[in-house]
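Biologist: I would like to learn how to read a structure like this one, feature by feature. Could we go slowly, with the general idea ahead of each case?

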2 protein chains.
Amino acid sequence: MSPGDNPTPVAVICGSGRLPVEVVAAARASGRKVVAIAIKGEADPAIAEYDPTYLGWGQIGKLADLLKRESCRDVVMIGGVTRRPEVREIVGDLGTMRRLPRIVAALVGGDDSLLTRIIRLFEDEGFRIIGAHEIAPELLAGEGAIAGPRPSSDAMADLELARRAVIELGRLDIGQGAVAIAGRIVAVEGAEGTDAMLRRCAELRQIGRVKGKGGVLVKCAKPGQDLRIDLPAIGPATVELAGAAGLAGVAVEAGRVLIAERARTLQLAGTSKVFLWGMPTLPPAPKLSPSQPGDT
Amino acid sequence: MSPGDNPTPVAVICGSGRLPVEVVAAARASGRKVVAIAIKGEADPAIAEYDPTYLGWGQIGKLADLLKRESCRDVVMIGGVTRRPEVREIVGDLGTMRRLPRIVAALVGGDDSLLTRIIRLFEDEGFRIIGAHEIAPELLAGEGAIAGPRPSSDAMADLELARRAVIELGRLDIGQGAVAIAGRIVAVEGAEGTDAMLRRCAELRQIGRVKGKGGVLVKCAKPGQDLRIDLPAIGPATVELAGAAGLAGVAVEAGRVLIAERARTLQLAGTSKVFLWGMPTLPPAPKLSPSQPGDT
């Protein structure tokens with residue numbers, strides 16, 4: 001594809017981790033013009049290679065001006081935010097101050113999530129938030145064998161059991177993952193995240209609370225998950241922790257889970273004998289329980 | 001009730017913790033003759049008050065003789081086993097040796113659980129394993145307010161959400177508990193147990209990963225759970241850990257969850273302002289997934 005095929009440039013706002021750098025690289029390689037914006041104190045130093053504009057939390061006016069000047073209608077937000085900005089960092093440029101009432105309103109609340117409110121702020125200014133996978137689809141997991149050994153039939157049975165748990169849980173808007181070992185669901189992911197759940201599995205095995213060999217981590221997107229801003233991802237740490245927990249493999253939902261640092265992740269799967277497997281995309285399940293307004 | 005009302009004596013095999021002592025005390029108070037058997041190295045010293053016979057792992061022949069001599073057809077097994085017996089402890093009396101092939105077969109496996117296999121061993125000798133709640137029903141949680149403050153409407157919404165999660169999970173034979181905070185399921189109990197899940201909730205709150213006030217732990221028996229040998233229980237530690245996690249309360253399934261150290265548990269609920277609530281017994285849910293044979 002030549003740059004002319006897709007003339008609208010896309011802005012990528014880069015938080016922490018390697019994934020934003022990979023997204024920028026993949027989108028550029030596809031021929032699309034990418035304006036990289038690095039969040040100061042968060043973006044990986046490797047982003048420097050892609051001529052980013054470094055912006056702090058208080059430079060929202062500057063961000064808006066930049067996006068308009070570069071004719072970016074599409075905006076991708078990717079990567080983590082590892083530290084909470086201090087108040088003096090938020091008090092910023094004129095554009096920030098002008099938008100401050102709305103920003104504070106977004107931060108303070110409402111029933112929907114903070115990210116949903118941030119998306120609305122962007123949309124109200126005429127931008128469109130899109131998912132990283134829309135500009136770098138090759139980072140998504142595909143179907144079938146991805147790396148590592150071939151899954152045994154026991155592993156496939158554990159995979160199926162954990163997959164059913166994740167589907168059931170998705171109806172309740174609970175986490176994205178579950179671990180089944182030897183025909184039993186051993187751990188379910190809540191707010192602690194996948195890595196913490198895998199560490200727990202390793203401990204349970206160590207103290208003899210989990211019997212049986214192998215086991216499989218299943219990771220999916222939740223049924224109503226907004227993939228534009230909250231795309232599940234696995235990476236080298238996932239494979240390492242799965243190996244440390246004695247699991248036989250990791251299965252992810254094809255087309256809805258990113259693989260970060262793909263080369264290293266796949267190589268680790270091979271060396272640590274942890275299979276990576278892409279499951280067909282789950283059918284959308286009707287939610288049993290609408291999310292309820294919190295008390296804050 | 002006078003002892004004459006129920007002439008068959010019951011044997012209570014006591015593992016670790018205060019609960020076995022309470023069960024023996026409650027059953028005796030009801031007028032039934034109780035033969036207390038204390039597992040050496042496990043039973044709480046307070047059991048001494050009830051003239052127990054102390055038996056080690058290798059004294060299964062002596063146990064069988066005792067039960068027959070005392071005309072105990074009904075047997076209750078209650079309390080934890082905190083350490084794995086060593087081989088030299090299992091090599092025991094003549095009665096143990098005679099039964100050894102069957103004991104080893106039970107320990108080594110099959111598709112059902114170890115406890116199910118132990119029950120079968122007893123049954124084959126003509127005994128009947130019954131639940132602690134059958135001889136001490138007053139230890140079970142009742143319905144409605146048990147102790148602590150009155151639940152707010154937010155807390156009741158969290159309770160309902162966590163209850164639905166536990167029902168869904170029960171269909172997959174997953175743990176017995178879940179925690180909802182401010183309209184969101186934050187943690188689900190797997191093999192780690194309730195206490196570990198509550199500690200996780202405290203950590204998640206401390207690192208700011210969980211927003212919102214209050215929250216409720218729901219604890220139930222699993223749909224197909226064998227209450228004779230695996231009756232869920234809460235106690236002082238549950239209330240303390242729930243309080244440390246900032247939860248507003250603990251809700252248990254009435255009639256299917258024991259309250260250990262009731263006086264202290266209820267008093268702690270009051271002083272730490274954590275409500276205890278008994279939910280109506282859950283309707284039996286059809287299992288989605290039959291438990292699958294393990295690979296061990």
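Modeller: Let us begin with two residues of chain A, Phe122(A) and Phe127(A), both of which are buried. Please keep in mind throughout that this is a predicted model.

Biologist: How many aromatic pairs does the structure hold over all chains?

Modeller: Over all chains, the structure holds two aromatic pairs. In general, a pair of aromatic rings is described by the distance of the centres and the angle of the planes. For Phe122(A) and Phe127(A), the ring centres are 6.3 Å apart and the planes stand at 65 degrees, so this pair is edge-to-face, given that planes over 60 degrees apart count as edge-to-face. In chain B, the rings of Phe122(B) and Phe127(B) likewise have centres 6.3 Å apart and planes at 65 degrees, so that pair is edge-to-face.

Biologist: Are Phe122(B) and Phe127(B) buried or exposed?

Modeller: Phe122(B) is buried, and Phe127(B) is buried too.

Biologist: Let us turn to helices. At what angle do helix α9 and helix α10 of chain A pack?

Modeller: Helix α9 of chain A, residues 236-244, packs with helix α10 of chain A, residues 262-271, at an angle of about 15 degrees, and their axes are 8 Å apart. Angles under 35 degrees count as roughly parallel, and α9(A) and α10(A) are therefore roughly parallel to each other. The crossing of these two helices, α9(A) and α10(A), is left-handed.

Biologist: Which residues of α9(A) and α10(A) meet?

Modeller: From α9(A) come Pro236(A), Val239(A) and Glu240(A), and these meet Arg264(A), Thr265(A), Leu268(A) and Ala269(A) of α10(A). Sorted by class, the contact of α9(A) with α10(A) has four nonpolar residues, one polar residue and two charged residues.

Biologist: And how do α9 and α10 of chain B pack?

Modeller: In chain B, helix α9 (residues 236-244) and helix α10 (residues 262-271) pack at about 15 degrees with axes 8 Å apart. The helices α9(B) and α10(B) are therefore roughly parallel to each other, and their crossing is left-handed. On the side of α9(B) the contact is made by Pro236(B), Val239(B) and Glu240(B), and on the side of α10(B) by Arg264(B), Thr265(B), Leu268(B) and Ala269(B).

Methods: Residues numbered from 1 in each chain as written. Chains lettered and ligands numbered in written order. Predicted model: local features only at pLDDT ≥ 70, side-chain atom pairs only at ≥ 80, totals over all residues. Heavy atoms only, no water. Axes fitted to C-alpha atoms, helices over the stretch in contact; angles between N-to-C directions. Helix = DSSP H or I, 4+ residues; strand = E, 2+ residues; numbered from the N terminus. Parallel < 35°, antiparallel > 145°, perpendicular 65-115°, else oblique. Left-handed = near helix turned anticlockwise from the far one by under 90°. Contact = heavy atoms within 4.5 Å. Nonpolar A, V, L, I, M, F, W, Y, C, P; charged D, E, K, R; others polar. Phe/Tyr/Trp six-rings, centres within 6.5 Å; stacked < 30°, edge-to-face > 60°. Buried < 20%, exposed > 50% of the residue type's maximum accessible area, 1.4 Å probe, protein only.
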